Amino acid sequence: MNIQVRDLPEKAAAVSAKTAIADCDIHPARATRTELHPYLAKRWHEHLATYGEHPYQGMLEGPPYPKAQPNASRRDAYPPEGGPQGSSLSFMQKQHLDPNNVVLGVLNPLRTGQGIRNQDLAVAICSAINDWQIEKWTSQDSRLKGSVVVANEDGVAAAAEIRKRAGDRNFVQVLLLSRNVEPLGQRRYWPIYEAAQEAGLPIGVHAFGFGGNPITASGWPSFYIEEMVGHAQCQQTALASLVLEGVFDRFPKLKMIMVEAGFGWAPSLAWRLDKTWARLRSEVPHVKRQPSEYIRDHIWWTTQPMEDPERRDHLFELIDWIGWDKLLFATDYPHWDYDEPSRVLPAGVSEANREAFYLGNARKVYGLA
Amino acid sequence: MTSPIAGGVDCDLHPAVPHLTSLLPYLNDYWRDQVTTRGMTDLVSQSYPTNSPISARPDWRPAQGKPGSNLEDLKRQALDPFKVSYGICNPLFGVQMVFSEDMQDAFCRALNDWLAKEWLDRDPRLRGSIVIPTQSVEKSVAEIERCAKDPRFVQVLMLVMGDMPLGKRFYWPIYAAAERLGLPIGIHAGSAYHNPPTSVGWGSYHIEDYVAQAQAFQTQLTSLIVEGVFARHPALKMVMLESGFTWLPPYLWRLHKFWRGIRMETPWVDRAPLEIVRSNIRFSLQPVDAPPDSATLHRLFDHMQSDELLLFSTDYPHWQFEGDQALPEGLSPELVRKIMIDNPFATYGRLTQTAARETTR
């Protein structure tokens, strides 16, 4: 793994690794290229072999910004039996779930049918991934919970997949990515929100994705670090779109979790939205309340990659502005920028806030309390 | 409220071109003919629709014409009440939106000449920014060199959303010229709309475009830093104009963390991003995307860990504050002096040079 050299004088006082925790961002992988075949019609086996996934980006396989590590994952996370990092349940248990006392692990599969241009293929792969999560992961370890992966660009098909999984306790959320063909507040995505609200499932919006748009408003940048840092900006504009399109007025029980895009930006975005809304609210009369109120009522954040200011009082002030009830601990296992549970939170946090941060908030949001 | 002190610099004023036809006297025969024969419309960017509340404060909106199009109004509403010694004009006429680099170049040259003649010549406090046709680096450098002969041009102006990320090596000759001529690069809110105005596509509303300016500044700062612009041009200053600044501390924490993790990708970045920002990047004061209480804002100033980053601005005639409350409540006199006087003069070297010249005359 990449070693992040950090000065953490508080390390000695940090939380015991034995505290029970939720990990709200775990990435399960397929051990082989054909592992999904049992869940896919034969037609798609041949299609994939012939045409590939045909995503909203140029590379037939792999990312256009090469990752920092193979599969963006820790070098020490290759399972002994072979296959990529994150592809073995037994090794995940041994390396992560058991030693870190993860009592709730939320699976966020990536490289699914999301970001694929052929919507029939997207629908098929997403449904296959959901079957695969149950069979390979959640039915084998009750600590693990799945995410309903949906064909994000086909709202009607996505809603059908959500309804198919509604009430299935293997799943605790619906998974979307931040980068799509349009900003996430747009109406093409509303059937997804309607079905999620109906099923009582929060929506996790994970960083990444491809929708064909340049990943900055000035075109395509050069480097992987720009893609990584830029997730915070994509997430902000996606969230602004959700608020300003009136999604939370339309779906008042909808909960959303911003996954792996940081949370430090939340206060300044909310202040900017409020200030601008005060000027321009005549353009968006459907937005009835101050934007920050929707954010306060409907949005949660996972913690990894943890905000890491030079001074810990700045971190605590930031979290006070957001609310200690709004953060869900996550490691991003097995990815290279994994956050080590025992080192994330400096000393000086009350026991109640610590418990909420590591476990309590997640149980509440996912309806497992 | 915090009172302004005399002798400051207003770093973001927006004089408006009344209409594209106002530039006809500054265009050559060919382009004058193009504008009229082809019936070209006015170049108003949808970043700032004329009648949008954000485009002009109600009490700064003239009875006729575009807000900011009248010099006497600008003196009475911005220069005089804030007692500034200089005001820097950043025209937001939509010359960047056209797709022909030749047309963009012609309009930029006309705009810069118009600014000198119709504004800078008519009030000794006014200074200008050189608007450049960024689709062509050669033409941009030529325009910088042409205008820089006039010492009243104190910076180069670019929009935060253009054709490519601003750190791209394509743009570096512009930065070399600016550094050589002692001109900071001002990067102002606004888009050429050559790309979708957010990093996740086209939103539905003007308010989305405006909110998204802050995210565009963030991605541009990342680009400028990690491409190595300031390793190559250590003396170059860049000023983020109408960018907001309350996003800066957590943005930098994140950039710093990833830089530590994957600096092997960009080994030429020889200083921490935080240090680069402190030495090379400045921010105009308005808009203050402030928390509701001033105590929180003061904590934010602490999070910024520097009193040298902010430059006074009213963003005239845009509607960012009421009355004369351009400075947030409760600033110390020392910080007011830094923001209004010390920081702008340290950033815009040409202000001091022209001041010295005027004194010796």
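Predicted model: local features only at pLDDT ≥ 70, side-chain atom pairs only at ≥ 80, totals over all residues.

Residues are numbered from 1 along each chain as its sequence is written, while chains are lettered from A and ligands numbered from 1 in the order in which they are written.

**Stop 1: the sheet of chain A**

Eight strands make an open sheet with parallel pairing, in the order E1-E2-E3-E4-E5-E6-E7-E8. Strand E1 (21-26) and strand E8 (327-328) of chain A are at the edges, each with a single partner strand, so one side of each has no neighbour in the sheet. Two strands are said to pair if DSSP finds at least two bridges between them.

Next, select E2(A). Five of its six residues are buried, a residue being buried if 20 or more other C-beta atoms lie within 10 Å of its own, exposed if 12 or fewer, and partly exposed in between, with C-beta atoms placed from the backbone. E2(A) pairs with E1(A) in the parallel sense over four bridges, and A:Ile26 stands opposite A:Leu107 in E2(A). E2(A) also pairs with E3(A) in the parallel sense, over two bridges; here A:Val106 stands opposite A:Lys145 in E3(A).

H3 lies across strand E2 (102-107) and strand E3 (144-149) of chain A, and runs at about 175° to E3(A). For such angles, axes are lines fitted to C-alpha atoms, for helices over the stretch in contact, and angles run from 0 to 180 degrees between N-to-C directions.

Further along, select strand E5 (residues 203-206) and strand E6 (residues 256-259) of chain A, which run parallel and are joined by four bridges. The bridge partner of A:Val205 in E6(A) is A:Met258.

**Stop 2: the sheet of chain B**

Move to chain B, where an open sheet of eight strands has parallel pairing and the order E1-E2-E3-E4-E5-E6-E7-E8. Strand E1 (8-13) and strand E8 (310-311) of chain B are the edge strands; each has a single partner strand, so one side of each is left without a neighbour in the sheet.

Select strand E4 (residues 153-161) of chain B. Is this strand largely enclosed or open, and why? Nine of its nine residues are buried, so E4(B) is largely enclosed by the rest of the structure. Strand E3 (residues 126-131) of chain B runs parallel to E4(B) and is joined to it by four bridges, with B:Val131 opposite B:Leu157 in E4(B). Follow the chain from E3(B) through helix H4 (residues 137-148) of chain B to E4(B): this β-α-β crossover is right-handed, meaning that, with the strands pointing away from the viewer, the path from the first strand over the helix to the second runs clockwise.

Strand E5 (residues 185-191) of chain B pairs with E4(B) in the parallel sense over five bridges; the bridge partner of B:Leu159 in E5(B) is B:His188. Four bridges then join E5(B) to E6(B), again in parallel.

Show the side chains of E6(B). B:Met238 and B:Met240 point one way, B:Val239 and B:Leu241 point the other way, and all are buried. Strand E6 (residues 238-241) and strand E7 (residues 281-284) of chain B run parallel over three bridges, where B:Met238 stands opposite B:Ile281 and B:Met240 has B:Phe283 as its bridge partner.

**Stop 3: between the chains**

Select the residues of each chain that touch the other. The contact takes 60 residues from chain A and 62 residues from chain B, where contact requires C-beta atoms, placed from the backbone, within 7 Å. On the side of chain A, H6(A) gives the most, with 15 residues.

**Stop 4: the core**

Finally, select A:Ile162, A:Val174, A:Ile192, A:Val243, A:Leu328, B:Leu111 and B:Val156, which touch the most other members of the largest nonpolar core, a set of 213 residues. A nonpolar core is a set of buried Ala, Val, Leu, Ile, Met, Phe, Trp, Tyr and Cys residues joined through C-beta atoms within 7 Å.

Terms used
Contact = placed C-beta atoms within 7 Å.
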